[in-house]
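Subject: Structure for your review

Dear colleague,

Please find below the structure that I am handing over to you. I would be grateful if you could look through the chain before reading my notes, which follow it.

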Amino acid sequence: MGTMVQPKCKCNHEFQNLNLGGGMNNFMKSCSVPSPCFHCKDVFELNIFNKRHLCPKCRRKSSPLGEITTNPSPNPLVFEWGINFEDSSTYELEDKKYTCPVCMEEELTFEEIGCWD
Ligand SMILES: [Zn+2]
Ligand SMILES: [Zn+2]
């Protein structure tokens, strides 16, 4: 039910695969999204529903990529996740370049590599 993505950057850092989304049972409470830590120089999965977003490794504040919106983006998406069916809010991760926590260049992209459940 989730999407597996591979973060990629032209600096060729070997990022781990990320499992985005959540399971069937907890999809309203749990949605993993990519979140870079510029201290650990890595990208982690964080639950977008958490009140505070902290790096799982160093516990510093982390800002998840993508956004929750009720306005569907016209741009291509790598990943989307229905958050609330009443107001039709959706988490969207646009298929664009993000700042890489390793080389700090705006060259980080996410490539869909499969599904998980
Ligand atoms: Zn960290
Ligand atoms: Zn990089």
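How many helices and how many strands does the chain have? It has zero helices and eight strands. Please bear in mind that this is a predicted model. Read from the N terminus, the order of elements is therefore β-β-β-β-β-β-β-β.

Overall dimensions

The chain has 117 residues, and a compact globule of that length would have a radius of gyration near 13 Å; the value for the chain is 14 Å, which agrees. The C-alpha trace spans about 40 × 30 × 25 Å along its principal axes. Of the 117 residues, 32% count as buried. Among contacts in the chain with a separation of 6 or more, 41% are made by residues 24 or more positions apart.

The three-stranded sheet

In what order do the strands of the open sheet of three strands lie? The order is β2-β1-β8, and the pairing is antiparallel. Strands β2 (18-20) and β8 (109-116) are at the edges with a single partner strand each, so one side of each has no neighbour in the sheet. From one strand to the next, the twist averages 35 degrees.

The pairing of β1 with β2 can be followed in the model. Strand β1 covers residues 2-8 and pairs with β2 in the antiparallel sense over three bridges. To locate this pairing, you may look for V5, whose bridge partner in β2 is L18.

Yours sincerely,
A colleague

Note on methods
Residues are numbered from 1 along each chain as its sequence is written. Chains are lettered from A and ligands numbered from 1 in the order in which they are written. This is a predicted model: local features need pLDDT of at least 70, side-chain atom pairs count only at pLDDT 80 or more; totals for chains, interfaces and linings use all residues. Two strands pair if DSSP finds at least two bridges between them. Helices (H or I, at least four residues) and strands (E, at least two) are DSSP runs, numbered from the N terminus. Axes are lines fitted to C-alpha atoms, for helices over the stretch in contact, and angles run from 0 to 180 degrees between N-to-C directions. The radius of gyration is taken over C-alpha atoms; the globule rule is 2.2 Å times the number of residues to the power 0.38. A residue is buried if 20 or more other C-beta atoms lie within 10 Å of its own, exposed if 12 or fewer, and partly exposed in between; C-beta atoms are placed from the backbone. Two residues are in contact if their C-beta atoms, placed from the backbone, lie within 7 Å.
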